[in-house]
Amino acid sequence: MKRDPSFTPGGARLPLVAALLAALPALAQQAPPADSGQVETVTITATKRPQPLQTTPIAISVLNGEALEQENVNTVAAVTALAPTVNFRTNASNKDSALFIRGVGTISTSPGVEPTVSMVIDGVVTGRPGQATMDLLDIERIEILRGPQGTLFGKNASAGVINIVSKAPSKDTERYVDLSYFQGNERRLRVGASGELKKDLLRGSIAAMKAKYDGNVTNVFNGAKVNGYDRQGLRGRLDVTPTRDLKVSLIADYAKAKDNTPTGVVTNTTTTAYGTGIVTQNPLFAAALAPVVASASNRQINSDTGTDVTDTNSGVSAQVDWQLGDGLQLTSISAYRGWTNVQHQDQDRLGTVYKQFAGTADVGNLAYRQVSQELRVASNKAGFVDYVAGLFFIDGKDNERYERDVTRCAGTTAAALPSGLIPCSPGSTTLDNGIAVYGTHSQSSSAFGEGTFNFTPTLRGIAGMRYTSDDLSFYHERTATAAGVPGVAGTQPELTGATRRHAFSGRIGPQWQITPDVMTYMTLSRGYKGPAYNVFFNMTTLQTNALNPETSNSVEVGVKSTLLDKTVRLNVAVFDTQYDNYQANVPDNVNGTVVTRLINAGQVTTKGVEVDATARVTPQLTLNAALANIIARVKNFNCPTILSPAAALSCNINGQPLPFAPDWKTNLSAKYTLPLSSDLLMDLNLDYSWQSKTQYDLAQSPDAIQPAYGIVNASVGVASLAGWRVALIGKNLANRSYATFLQNSGNNINRYVPRDDQRYFGISAHYDF
């Protein structure tokens with residue numbers, strides 16, 4: 001396989017590079033491939049059939065898998081820096097993570113709610129947000145479809161779709177090894193092989209990865225490094241072509257990750273209330289946190305309970321593509337996916353139990369499995385109507401056990417708390433807990449179809465519709481050793497519930513090919529996200545009613561163009577979307593502990609403009625720019641009556657921004673390729689990501705705002721047509737500290753620390769053989 005010496009951020013020690021270069025095989029004496037100097041033609045498959053990006057009437061971003069590998073972008077979360085319309089909510093447990101597109105996503109730990117952004121892996125829809133956290137391996141490309149995609153992708157795509165396409169096995173034998181090392185003792189190894197196993201019948205590929213990172217946060221309680229990971233994965237694929245008209249693809253993958261992300265790093269022990277502006281200082285908590293000092297760039301914790309999460313993702317799928325005569329293809333995708341999540345969390349963030357502060361530790365176990373089947377037909381020959389139609393079914397089951405252990409000083413009551421910070425006397429603590437077992441069962445069936453009507457060679461119409469039927473049920477039961485335990489709502493006998501809903505979604509609009517290189521379109525879309533239940537540890541009888549489905553109505557106008565003799569690609573989309581019965585979490589208080597409630601929060605809107613541009617200034621210099629100006633706001637918030645009086649004060653948020661939705665976000669990159677000889681190329685790369693201030697809390701906590709920031713990355717790589725490449729990588733060169741999430745925990749503000757919170761350098765080496 002000939003390596004494309006494309007972008008890698010970089011920087012490291014020159015003697016090490018020289019040693020590696022000296023150890024590489026002799027350079028192959030062959031001329032570099034011809035370069036037309038034009039932008040690359042991109043083909044996408046997110047519309048259920050191969051289609052050129054520039055003639056597809058959807059706002060789509062496409063990220064090249066090989067370029068992502070070279071940039072050390074290994075997870076969907078890391079992709080968000082390159083795609084301005086996408087954001088990611090991180091947390092100590094991956095079950096609490098969430099994706100956002102155009103400012104809209106779903107934040108919830110409940111297994112009874114669908115994600116708003118659908119993640120699709122080789123045609124297989126994933127049912128839970130936590131399944132999006134595994135490392136990327138052997139990826140051909142990532143397609144990001146922006147805006148409601150309910151016609152072809154169904155109920156959990158009301159904000160958009162992230163479509164991950166893995167590499168197909170090659171005809172020629174290919175093997176590779178990829179090794180990288182970064183400051184902080186981060187190391188990654190990838191190996192893979194691909195090729196034809198039986199001539200004209202069977203091709204196969206296999207890839208594996210192993211990665212470890214110590215972390216960039218110090219736990220002063222024991223001196224250990226945390227906020228790191230230990231991950232491994234394996235992916236295999238077989239493509240069988242028994243006849244020219246029949247192809248069967250069998251794919252299996254397995255990934256295991258153990259992350260020790262802390263439950264936030266304390267940045268402030270003073271909190272400010274939204275609306276009233278009341279400032280509350282918590283000097284006792286600040287004293288209990290010692291020797292850690294809270295600050296905006298703090299990277300220390302004081303925790304007596306280890307926080308970690310272990311995720312295991314696995315799946316198998318079989319895709320059959322059968323050419324039925326002239327111009328018709330039948331596709332079947334059968335799949336099974338499983339996900340387990342085991343988490344341990346230190347909720348008090350302290351190293352000692354005090355009379356004023358109980359020790360709180362959580363243990364959660366989750367097991368989820370899904371089976372799905374899609375059957376569709378599509379035209380693959382030009383005609384008056386180009387179409388795709390099909391049936392889809394998915395069945396998902398989730399079972400969880402969650403335990404909260406609370407340690408308190410014996411004999412302490414709220415009315416008799418001392419004024420000074422006093423730890424518990426040795427042997428004078430009491431342990432109480434709550435244990436909840438709960439789960440959900442969901443089934444969804446749908447029929448869909450979409451057609452492109454070619455009225456003239458330049459005028460087309462798009463029309464599609466999907467009918468979805470959803471069945472959702474839950475069970476929940478909790479036992480508590482005592483009443484009034486902080487963070488535990490008390491014993492709750494078994495609760496059950498079930499609901500069934502039906503809905504239509506779709507899109508319609510015209511498409512006009514103004515010139516062979518300029519296309520414009522307008523679409524009206526309706527999205528649908530199914531009903532939900534707020535099933536969580538502290539669930540009570542107040543949350544047994546099903547939430548209404550979330551719906552969206554969107555109008556989008558776009559222009560896609562290839563200009564200046566195909567040296568510039570410029571795509572622009574303008575959109576306006578309203579969501580009704582928006583499903584969202586709002587904060588509440590349970591026995592002195594901040595929790596969240598999932599509710600139908602009312603109406604929200606998102607509107608804006610997106611620009612994607614690529615320019616081949618010269619055959620050696622390529623510039624890329626992506627810009628999003630998105631105004632995502634609460635239009636009409638419904639304050640639920642179940643909230644405590646204090647929490648209800650934060651309901652006046654009409655006109656305020658949605659969480660994880662900066663108004664402005666951009667990514668700019670430049671790549672310059674310099675021939676060193678007939679078979680040696682050097683590439684110099686620079687990229688800059690910037691976003692405006694971001695509110696992380698729907699309740700508009702003044703302390704949960706991340707100020708505007710920008711990140712600069714750079715690299716230099718040397719590659720040979722013989723198949724090797726070495727790159728020096730530098731991340732966050734300006735050394736800008738920031739937070740991927742800020743959270744108000746009642747008596748403190750804590751942040752989640754990103755990998756690139758500090759400047760760091762590394763080296764990567766790749767060899768094809």
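Trainee: What makes the radius of gyration of the protein chain agree with that of a compact globule?

Mentor: For 769 residues, a compact globule would have a radius of gyration near 27 Å, and the protein chain has 27 Å, so the two agree. Please keep in mind that this is a predicted model. Along the principal axes, the C-alpha atoms of the protein chain fill a box of roughly 80 × 65 × 45 Å.

Trainee: How many helices and strands does the protein chain have, and what share of its residues counts as buried?

Mentor: There are six helices and 43 strands in the protein chain. Of its 769 residues, 56% count as buried. Where contacts in the protein chain join residues at least 6 apart in sequence, 71% of them join residues at least 24 apart. The accessible surface of the protein chain is about 30,000 Å², with 59% of it belonging to carbon and sulfur atoms.

Trainee: Why are Cys409 and Cys424 called a disulfide?

Mentor: A pair of cysteine sulfur atoms within 2.5 Å is a disulfide. The sulfur atoms of Cys409 and Cys424 are 1.8 Å apart, so the pair meets that cut-off. The structure holds one disulfide.

Trainee: Why is the disulfide of Cys409 and Cys424 described as left-handed?

Mentor: The reason is the torsion about the S-S bond, which is about -95°, so the disulfide is left-handed.

Trainee: Which parts does the pair of Cys409 and Cys424 tie together?

Mentor: Cys409 lies in strand 24 (residues 385-409), whereas Cys424 lies in the loop between strand 24 and strand 25 (429-454), so the pair ties together parts that are 15 residues apart in sequence.

Trainee: Are Cys409 and Cys424 buried or exposed?

Mentor: Buried means under 20% relative accessible area. Cys409 has 4% and is therefore buried; Cys424 has 14% and is therefore buried.

Trainee: How do you know whether Ser118 is buried or exposed?

Mentor: The relative accessibility of Ser118 is 0%, so Ser118 counts as buried. Ser118 has its place in strand 6 (residues 117-121). Leaving aside residues up to four places away in sequence, Ser118 touches several residues, among them Val125, Asn156 and Ile162.

Trainee: Where is Leu68 found, and which residues does Leu68 touch?

Mentor: Leu68 is in helix 2 (residues 65-70). Not counting residues up to four places away in sequence, Leu68 touches Leu63, Val73, Leu82 and Ile142. With a relative accessible area of 3%, Leu68 is buried.

Trainee: What is the value of phi for Asp138 and for Asn185?

Mentor: Phi of Asp138 is near 60°, a positive value in a residue other than glycine. Phi of Asn185 is likewise near 60°, again positive in a residue other than glycine. Asp138 lies in the loop between strand 7 (124-125) and strand 8 (139-146), while Asn185 lies in the loop between strand 10 (174-182) and strand 11 (186-198).

Trainee: Which peptide bond is cis?

Mentor: The peptide bond from Ala290 to Pro291 is cis, with omega near 10°. Pro291 is found in the loop between helix 5 (283-289) and strand 20 (300-301).

Notes
Residues numbered from 1 in each chain as written. Predicted model: local features only at pLDDT ≥ 70, side-chain atom pairs only at ≥ 80, totals over all residues. Heavy atoms only, no water. Helix = DSSP H or I, 4+ residues; strand = E, 2+ residues; numbered from the N terminus. Buried < 20%, exposed > 50% of the residue type's maximum accessible area, 1.4 Å probe, protein only. Rg over C-alpha atoms; globule rule 2.2 N^0.38 Å. Contact = heavy atoms within 4.5 Å. Areas by Shrake-Rupley, 256 points an atom, 1.4 Å probe, with all protein chains shown as cover.
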